[in-house]
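Please look over the model shown here, with its sequence alongside.

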Amino acid sequence: MRVLAINDISCVGKCSLTVSLPVISACGITCDVLPTALLSTHTGGFDGYTFLDLTSEFSGVLHHWKTLGLKFDCIYSGYLGSKAQIDLVCKIKEEFLTEKGLLVVDPVMGDSGMLYKGFDDEYVDKMRTLCRQADYILPNLTEASYLANIPYPATDTKTLLFALAKLCPRPIVTGILEENAISVCYLDEKGEEKRYSSQNVAGFFHGAGDVFSSAFVGAIMKGKTEEKAIQLATDFTTASIRRTAKEVPDKRYGLNFEAEIFEFLKNLNS
């Protein structure tokens with residue numbers, strides 16, 4: 001069982017590949033990586049960070065992999081820094097995903113109602129093309145609103161999910177605030193809206209989306225149903241946030257997910 005995680009490497013500030021690699025590996029699954037960029041830190045709250053686009057390395061890496069005959073049972077994409085990288089992920093799916101393999105797309109584009117710096121409507125439209133090829137998409141509410149072309153915040157989550165389902169059959173929207181709860185919304189096998197909620201913890205926690213997405217991928221690849229994978233990933237992320245709120249003074253450095261991973265694995269394997 002092999003998963004290819006395509007995402008950036010932020011050397012400091014736990015997110016992206018520095019979350020995906022340990023979480024998916026701990027699930028007992030081989031996690032290979034394709035870095036999209038190299039940053040000294042993530043971009044949320046740090047000044048003076050360095051950024052190196054790694055698109056130019058893709059062709060050589062992929063050529064080498066072809067000589068090895070590599071195939072992946074799941075491709076999981078996160079931060080893609082350009083429309084060219086989105087095109088390359090579509091190509092990677094075509095050439096490296098096994099016949100019954102899964103494409104899971106976390107369409108990292110924005111938060112709090114705004115796109116990240118450097119992204120525009122053309123980028124959103126290109127991301128839609130990747131989502132059309134995916135088995136699961138895992139946008140937050142901002143990203144879901146942009147993908148569905150529905151004004152943020154999209155309070156009618158059922159309409160939002162139905163719009164996203166035209167792009168991908170299994171949309172899962174995270175980070176939906178509802179009074180004191182935060183919810184994940186999705187469609188069940190009958191096309192009915194479902195949600196899984198946990199108590200909201202005040203504050204912004206960098207890397208929470210990556211913890212959720214990585215745990216979801218690990219659970220799905222271990223044979224869990226979509227509903228169970230969402231529950232496991234949500235509980236793991238929520239426990240990590242609660243611990244971080246109590247124990248980590250500077251939230252820029254990411255979630256203390258390591259301290260909660262054993263409980264996650266116990267639940268995953270029960």
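**Cysteines, a helix and its surroundings**

The sulfur of Cys11 lies 10 Å from the closest cysteine sulfur, that of Cys15, which is too far for a bond. A disulfide is taken here as a pair of cysteine sulfur atoms within 2.5 Å, and by this rule the count is 0 disulfides. Cys15 is buried, with a relative accessible area of 7%; buried means under 20% relative accessible area, exposed over 50% and partly exposed in between, with a 1.4 Å probe and protein chains only.

The model is predicted: local features need pLDDT of at least 70, side-chain atom pairs count only at pLDDT 80 or more, and totals for chains, interfaces and linings use all residues. Residues are numbered from 1 along each chain as its sequence is written, and side-chain values use heavy atoms, with hydrogens and water left out.

Helix α4 spans residues 121–131, and its buried residues are Tyr123, Val124, Met127, Arg128, Leu130 and Cys131. They cover an arc of only 160° around the axis, so they sit on the same side of α4; the arc is that of the directions from the helix axis to the C-beta atoms. Helices (H or I, at least four residues) and strands (E, at least two) are DSSP runs, numbered from the N terminus. The exposed residues Asp121 and Glu122 are on the face of α4 turned away from its buried side. Among the elements that cover the buried residues of α4 are β4 (72–77), α3 (83–96), β5 (97–105) and α5 (141–148), where contact means heavy atoms within 4.5 Å. At the N-terminal end, Asp120 caps α4, with a side-chain oxygen 3.2 Å from the backbone nitrogen of Glu122.

Which residues touch the most other members of the largest nonpolar core? In this core of 44 residues they are Met127 and Leu130. A nonpolar core is a set of buried Ala, Val, Leu, Ile, Met, Phe, Trp, Tyr and Cys residues joined through side-chain atoms within 4.5 Å. Not counting residues up to four places away in sequence, Leu130 touches Ser77, Leu80, Ile86, Val89, Cys90, Leu103 and Val105. A second, separate core has 39 residues, including Val19, Ala208, Ile220 and Ile261.

Aromatic rings come next. Rings of Phe, Tyr and Trp (its six-membered ring) pair if their centres lie within 6.5 Å; planes under 30 degrees apart count as stacked, over 60 as edge-to-face and the rest as tilted. By this rule the count is 9 aromatic pairs. Phe46 is in the loop between β2 (30–41) and β3 (51–53) and Tyr253 in the loop between α8 (226–247) and α9 (261–268), so the pair ties together parts 207 residues apart in sequence. Phe46 is buried at 9% relative accessibility, whereas Tyr253 is partly exposed at 37%. The rings of Tyr136 and Phe216 have centres 5.3 Å apart and planes at 75°, so this pair is also edge-to-face. Tyr136 belongs to strand β8 and Phe216 to helix α7 (residues 208–221), 80 residues apart, and both residues are buried. Trp65, Phe72 and Phe96 form one aromatic cluster.

Finally, Leu187 lies in strand β10 (residues 181–187) and is buried at 6% relative accessibility. Its C-alpha is 7.2 Å from that of Pro171, 16 residues away in sequence. Leaving out residues up to four places away in sequence, the contacts of Leu187 include Leu161, Phe162, Ala165, Pro171 and Glu226.

Methods. Polar contact = N/O pair within 3.5 Å; in protein donor to acceptor, adjacent residues only side chain to side chain.
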